[in-house]
Structures are given as C-alpha cells and as structure tokens.
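Open your viewer and get ready to click through a few selections. Each stop below tells you what to pick and what you will find there.

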Amino acid sequence: MRSERIPPHLYFVVSAIFHYLGPAFAVLLFSRVAVLGVAWLRIAAAAMVFAVWRRPWRALVAADGEGRRLLIAWGAVLAVMNCCFYLAIDRLPLGTVAAIEFLPVIALAALGARTRRNVLALLLAVPGVYLLTGVHVEGEALGIAFAFANAALFALYIVLAHRVSRLSYLSGIDGLAASMLIAAAAVTPLAGWAALPALGDPVALAAGLGVGVSSSVIPYVSDQLAMRRLARSTYALMVSLLPATATVIGIVVLAQVPSPAELLGVGLVIAGVAVHREPQGAVAASG
C-alpha cells in the first residue's frame with residue numbers, strides 16, 4: 001500500500017535513471033568478458049537477487065495455466081532481448097540502437113492515441129527522439145538485424161510486463177521474479193558458455209552483480225510499480241524520456257554538454273510527455 005502513495009511517473013523516472021547506470025558497469029565487463037557473457041551475468045545476477053528476495057517459485061505455483069504461460073513467455077523474451085541488445089551495441093553506435101529500439105515502442109503509444117492531444121504528443125516526441133539519438137544506420141548488417149530484433153522484443157516486453165502487472169492474484173514484482181528465473185534458465189544454453197572465464201574473476205563477478213541490479217532489478221521493479229497504475233500507451237510514450245534522461249546524466253556525471261540540436265530534442269520529448277493525457281478508462285481503472 002505504501003507503494004501506491006508514490007506517483008507512478010516517479011517510478012518510471014527511477015527506472016530511466018538506472019537504465020543508464022547499468023551500461024556504466026557493462027563498460028568494465030566488456031573488457032573482461034565476451035558480449036554474450038555479459039548478458040548471462042546480468043540475467044543470472046538479477047535472478048539470484050530475486051530468488052533471495054521474493055522466492056519466485058511460489059509465484060509459479062500460485063499462477064494458473066494462463067498465468068504460467070505468460071510468465072514463461074516473458075522470461076523467454078527477457079533472455080533473448082538482453083542477448084540481442086548487447087550483440088547490437090557491440091556492432092553499432094548506442095544512439096543508433098536506441099533509435100531503432102524506439103520505433104515499435106512509439107507504435108504502441110500510437111495504438112493508444114485516442115485524442116488529438118495524444119496525437120500531438122506523438123508528433124512532438126518522435127522528432128525529439130530523432131534529434132537526440134541521431135538516426136544513422138551505420139555498421140554491419142548483422143548489427144542492424146540484432147538492433148531490430150531487440151526493438152521488437154522490447155515492445156513485446158512492454159506488452160507482457162503490462163499484462164503481468166495487472167494480474168489480480170499475483171504481485172507484479174513476484175511475477176517479474178518468476179520470469180527472471182525462467183530467463184536465467186533460457187539464457188544459459190545461449191550465453192552461459194561465454195561467461196565461464198568470468199567465474200574465476202572477482203572483479204568481473206562484482207561488475208556483473210552491479211549490472212544485474214542496476215539494469216534488471218531496480219528498473220524492472222520500478223516498471224512493474226508504474227505499469228500497474230499506467231495505461232500501456234502512456235508507459236510506451238514515456239519511454240521516449242530515456243534519451244532525455246541520458247542527456248541529463250551525461251551533463252551531471254560525465255560533463256558532456258549537449259549540442260543545440262540535442263537540447264531541442266530534450267525539449268520536444270518533454271513537451272510530448274506533458275501534452276499526453278491518460279485515456280479516461282485507464283484513469284478510472286487505476287483508481
């Protein structure tokens with residue numbers, strides 16, 4: 001009940017901030033562990049934290065048949081999405097991957113645009129993200145393929161995570177914990193072999209734990225707390241705040257002063273989110 005007293009948008013802000021702290025730990029790991037090994041460490045560390053914290057096997061027992069299928073699907077998406085993300089940023093600029101990732105997400109927001117005001121919000125947010133990320137499709141074709149696969153899976157993540165957050169008999173966080181346990185099992189045959197060299201490296205293991213907590217535990221938990229009270233289209237549109245968050249972190253932490261075009265992009269994204277309004281039915285449902 002205490003979590004309900006905090007505005008859901010604040011949970012999203014927490015998720016957005018930690019979304020970019022995770023890659024800071026991953027920089028250290030890329031020099032020590034193969035790309036797929038980083039993906040495995042991230043998921044395995046998060047699954048371990050959830051296992052100790054939430055006892056996720058109890059959620060699997062409590063779920064009905066449809067709920068278990070939903071959790072299994074979400075876990076599989078988490079496993080493959082993380083692998084595709086790291087394989088993409090290993091071959092392409094992060095800005096390009098972020099821009100491609102945004103395309104299906106804004107489509108989800110468009111599906112929920114029922115008023116002229118929300119259409120205007122989309123028209124403001126899309127060019128804002130374009131200015132921030134600088135869409136330049138460069139690099140090898142395989143990297144582009146991984147980026148588009150990650151984008152499609154990220155949109156599917158939003159759909160599945162939103163459905164789990166609305167299950168009446170299951171806490172969204174417990175559902176997340178169960179899905180992360182499934183993701184760890186699913187990613188092991190895909191990427192576990194690449195993490196073997198890190199098992200004897202304390203620094204890599206510590207960094208992997210940091211990546212798991214900051215990239216998968218804190219932001220995904222915040223997502224669940226936000227999604228439980230936000231319409232899916234609203235959450236999808238707010239994802240466009242991620243590049244703006246990255247810009248702010250760059251200024252404060254890395255002293256990276258943005259260009260005028262980037263500042264304009266931040267302004268357009270913030271304006272789009274400000275103009276957007278929750279559908280009336282979603283507001284009523286969220287209480």
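**Stop one: a pair of helices**

Helices themselves (H or I, at least four residues) are DSSP runs, numbered from the N terminus.

Before you go on, a word about the model. It is predicted, so local features need pLDDT of at least 70 and side-chain atom pairs count only at pLDDT 80 or more, while totals for chains, interfaces and linings use all residues. Residues are numbered from 1 along each chain as its sequence is written, and side-chain values use heavy atoms, leaving out hydrogens and water.

Now show the side chains between the two helices. On the α4 side you will find W74, L78, M81, N82 and Y86, which meet V211, Y220 and Q224 of α9; contact means heavy atoms within 4.5 Å. Sorted by class, this contact has 6 nonpolar, 2 polar and no charged residues. Ala, Val, Leu, Ile, Met, Phe, Trp, Tyr, Cys and Pro count as nonpolar, Asp, Glu, Lys and Arg as charged, and the others, Gly among them, as polar.

**Stop three: the core**

Which residues have the most contacts inside the largest nonpolar core? Select L29, W74, L78, Y86, Y157 and M180; the core has 73 residues. Such a core is a set of buried Ala, Val, Leu, Ile, Met, Phe, Trp, Tyr and Cys residues joined through side-chain atoms within 4.5 Å, where buried means under 20% relative accessible area (1.4 Å probe, protein chains only). The largest share, 13 residues, comes from α4.

Zoom in on W74. Leaving aside neighbours within four places in sequence, its contacts include Y157, L160 and Q224.

**Last stop: L122**

Finally, select L122 in helix α6 (residues 116–133). L122 is buried, with a relative accessible area of 12%.

Notes
Buried < 20%, exposed > 50% of the residue type's maximum accessible area, 1.4 Å probe, protein only.
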